[in-house]
Amino acid sequence: MITYKTQAEIEKMRRAGQVLFAAMKAVKSAIRPGVTTAELDRVAESVIRSHGAIPSEKGYEGFPGSICASPDDMVVHGIPSESVVLREGQIISIDCTVLLDGYQADMARTFPVGEISPEAQALIDAAKESFGKGLAFARKGYRIGDISHAIQTSVEGHGYGVVRSLCGHGIGKEMHEDPEVPNFGKPGHGLRLREGLCIAVEPMITAGDYRVYIAEDNWAFLTRDHSLSAHYENTLAITESGEALILTMPDGFDGEDV
């Protein structure tokens, strides 16, 4: 069931998004060769709890971390660990959800670890660019498929793959709500967007084959051909004006990013 949020509810989600933005900035600052993903997890949790918020992912269906930390060919859902030590030249995707005053905000970024290859940086840039292309259709009157198609066209235009078995989602009181928001699809199809709809749009892209598999821990998804993967996510609300408000970027898409 799809729930449409009031202005007051969206404001609560925006405040959760501000806490999440601060946590993501702190994690980015901590990323360097030699750091473990467990250390990054502690950084995020400390910032989140210092604002009176809760890291929603911790304990979600048994997940042990406050963030998902997914290096290189790991697409999503990497469990933070003392045994995962970051190395120069890697990339790492950080996905985190925050609960504040009963409402959620969800966000993901892929960061370099030290100096990375131009090819890896291009993949990271393409993930953000594809989000921006989808954002242009996150407006009242368009459909979910318009967002999905714009993302897919952008990603595949660069020669990259779009993960199909994982997708964005509605969000509000729960981390995952209806509707699903795929990163591929046909324009003019799917739910029509209207005021009060809140969704997490999250392109997950690969440098090679788009197909993925789940690891033995039953959490992490990895690219089947072990090509690099990048992830870029924000929580959006369709507003009375018809445009999308990015709840996890205080200055909007053209403003400061983490």
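1. Let's start with helix α4, which is mostly covered: 10 of its 14 residues are buried. Keep in mind while you look that this is a predicted model. The buried residues are Ile144, Gly145, Asp146, Ile147, Ser148, Ala150, Ile151, Gln152, Ser154 and Val155.

2. What do the buried residues of α4 pack against? You'll find one helix, α3 (118–135), along with the strands β6 (161–162), β8 (177–181), β9 (198–201) and β10 (204–206).

3. The helix itself runs from residue 144 to residue 157. From first C-alpha to last, α4 reaches 20 Å, close to the 20 Å expected at 1.5 Å a residue. Just after α4, have a look at Gly159, where phi is positive, at about 85°.

4. Next, jump to Thr110, which sits in strand β5 (residues 103–112). Is Thr110 buried or exposed? Its relative accessible area is 7%, and the cut-off for buried is under 20%, so Thr110 counts as buried.

5. One is the side chain of Ser93, joined to Thr110 by a polar contact of 2.7 Å. The other is the backbone nitrogen of His231, which the Thr110 side chain reaches at 2.8 Å. Setting aside neighbours within four places in sequence, Thr110 is in contact with Ile91, Ile92, Ser93, Ile124, Ser229, Ala230 and His231.

6. The largest pocket holds about 470 Å³ of space. Its lining has 23 residues, and those nearest the centre are His77, Cys167, His169, His176 and Glu202. Two or more lining residues come from each of β4 (91–100), β7 (168–170) and β8. Of the elements, β8 gives the most, with three residues; β8 is also one of the strands that the buried residues of α4 pack against. By class, the lining of the largest pocket splits into nine nonpolar, six polar and eight charged residues.

7. The second largest pocket has about 220 Å³ of space. Which of its 14 lining residues are closest to the centre? They are Thr110, Phe111, Ile124, Asp257 and Val258, so here we meet Thr110 again, together with its contact Ile124.

8. Both β5 and α3 supply at least two residues to the lining of the second largest pocket. The biggest share comes from α3, with five residues, and α3 is also a packing partner for the buried residues of α4.

Note on methods
Residues are numbered from 1 along each chain as its sequence is written. This is a predicted model: local features need pLDDT of at least 70, side-chain atom pairs count only at pLDDT 80 or more; totals for chains, interfaces and linings use all residues. Side-chain values use heavy atoms; hydrogens and water are left out. Helices (H or I, at least four residues) and strands (E, at least two) are DSSP runs, numbered from the N terminus. The expected span of a helix is 1.5 Å times one less than its number of residues. Buried means under 20% relative accessible area, exposed over 50%, partly exposed in between (1.4 Å probe, protein chains only). Contact means heavy atoms within 4.5 Å. A polar contact is a pair of N or O atoms within 3.5 Å; within protein, one must be able to donate a hydrogen and the other to accept it, and residues adjacent in sequence count only if both atoms are side-chain atoms. On a 1 Å grid over the protein atoms alone, a cavity is a set of points where a 1.4 Å probe fits but cannot get out, and a pocket is an open set with protein on both sides within 12 Å along at least five of seven lines; lining residues have an atom within 4 Å of a point. Grid points are joined across faces, edges and corners, and a volume is the space filled by probe spheres set on the points. Ala, Val, Leu, Ile, Met, Phe, Trp, Tyr, Cys and Pro count as nonpolar, Asp, Glu, Lys and Arg as charged, and the others, Gly among them, as polar.
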